[in-house]
Amino acid sequence: DPMTDEPRLAYFDCASGASGEMLLAALVAAGLLEADLRDVLRPLQRAGAAFDLRIRDVRKGPVAATEVRIVDQVPNVKAHIGDMLGLIRSANLSPSVRGPTASILTRMVAALAGHSGARPDDYVFDGTSGIDSVVSAVGVSGALAVLGVRTVFASPVNIGIPDPVVTELLGHAPMYEDSPGVPLVTP
């Protein structure tokens, strides 16, 4: 089929916000096989990262949806960007996943650290936020590569309650605030 060689694009409708798990769920709902997502993330597990995925169909009010949750993480782990990038290096990810993942995490920690008054190398991810961030970044980067997506578009992003880190990361992207008093986008 001549269409299979055409570059693909992805469009995320962010009317309900955005998070790593939401983006992964959208990609699964759009046709990414659960087995392919698990294959993308398996190198992290082989490198020692403890987590699993729970993927299921759910209802959000009247809307049927796919839910992806990162589960079974080790709780209360303190991680620095060096630890996270070290995990990515030791996982032997393909360059098409490793590069974008490192870029995502480096940009995110720079924004988080800047708003907390810390240097990026000193910023501490605690709880499960470090592994959740790595799994989300690797998962989305790897899923887009598996699906052959070269270009990503998004609707204006409903951020709910504004968060300065999210606002910085979104830059000049169109965003709006429409929520029942809660933040709808995670860094």
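Which residue forms a salt bridge with arginine 54? The partner is glutamate 67, and the closest N and O atoms of the pair are 3.5 Å apart. This is a predicted model. The structure holds nine salt bridges.

**Glutamate 67 and its partners**

- Glutamate 67 and arginine 54 bring together distant parts of the chain, 13 residues apart.
- Glutamate 67 sits in strand 3 (residues 63-71), while arginine 54 sits in strand 2 (residues 52-60).
- Glutamate 67 has a relative accessible area of 8%. Buried means under 20%, so glutamate 67 counts as buried.
- Arginine 54 is partly exposed, at 36% relative accessibility.
- Glutamate 67 also meets lysine 60 in a salt bridge, with an N to O distance of 3.8 Å.
- Lysine 60 is partly exposed too, with a relative accessibility of 48%.

**The salt-bridge network**

- Salt bridges link Glu21, Arg54, Arg56, Lys60, Glu67 and Arg69 in a network.
- One member, glutamate 21, belongs to helix 1 (residues 20-29).
- Is glutamate 21 buried or exposed? Its relative accessible area is 18%, so glutamate 21 is buried.
- Neighbours within four places in sequence aside, glutamate 21 is in contact with Val68, Arg69, Ile70 and Ser136.

- Aspartate 39 and arginine 42 join their side chains in a salt bridge of 2.4 Å, N to O.
- Both residues lie in helix 2 (residues 34-46). They are three residues apart, so about one helical turn separates them.
- Aspartate 39 is partly exposed, with a relative accessible area of 42%.
- Arginine 42 is partly exposed as well, at 31% relative accessibility.

**Helix 4 against helix 5**

- Helix 4 (residues 95-116) and helix 5 (residues 129-147) have axes that come within 9 Å.
- The two axes cross at roughly 140°. Because of that angle, helix 4 is oblique to helix 5.
- Which hand does the crossing of helix 4 and helix 5 have? The crossing is right-handed.
- On the helix 4 side, the contact uses Ser96, Val97, Pro100, Thr101, Ile104, Leu105 and Met108.
- On the helix 5 side, it uses Ser133, Val134, Ala137, Val138, Ser141, Gly142 and Ala145.
- The residues of this contact divide into nine nonpolar, five polar and no charged.

**Helix 2 against helix 5**

- Helix 5 also packs with helix 2, at an angle of about 130°. The axes of helix 2 and helix 5 are 9 Å apart.
- Helix 2 and helix 5 are therefore oblique to each other.
- The crossing of helix 2 and helix 5 is right-handed.
- Helix 2 contributes Asp36, Leu37, Val40, Leu41 and Leu44 to the contact.
- Helix 5 contributes Val134, Val135, Val138, Gly139, Gly142, Ala143 and Val146.
- How many charged residues does the contact of helix 2 with helix 5 have? It has one charged residue, alongside nine nonpolar and two polar residues.
- Val134, Val138 and Gly142 of helix 5 meet helix 4, and Val134, Val138 and Gly142 also meet helix 2.

How values were computed:
Residues are numbered from 1 along each chain as its sequence is written. This is a predicted model: local features need pLDDT of at least 70, side-chain atom pairs count only at pLDDT 80 or more; totals for chains, interfaces and linings use all residues. Side-chain values use heavy atoms; hydrogens and water are left out. A salt bridge is a side-chain nitrogen of Lys or Arg within 4 Å of a carboxyl oxygen of Asp or Glu. Helices (H or I, at least four residues) and strands (E, at least two) are DSSP runs, numbered from the N terminus. Buried means under 20% relative accessible area, exposed over 50%, partly exposed in between (1.4 Å probe, protein chains only). Axes are lines fitted to C-alpha atoms, for helices over the stretch in contact, and angles run from 0 to 180 degrees between N-to-C directions. Angles under 35 degrees count as roughly parallel, over 145 as roughly antiparallel, 65 to 115 as roughly perpendicular and the rest as oblique. A crossing is left-handed if the near helix is turned anticlockwise from the far one by less than a right angle, and right-handed if clockwise. Contact means heavy atoms within 4.5 Å. Ala, Val, Leu, Ile, Met, Phe, Trp, Tyr, Cys and Pro count as nonpolar, Asp, Glu, Lys and Arg as charged, and the others, Gly among them, as polar.
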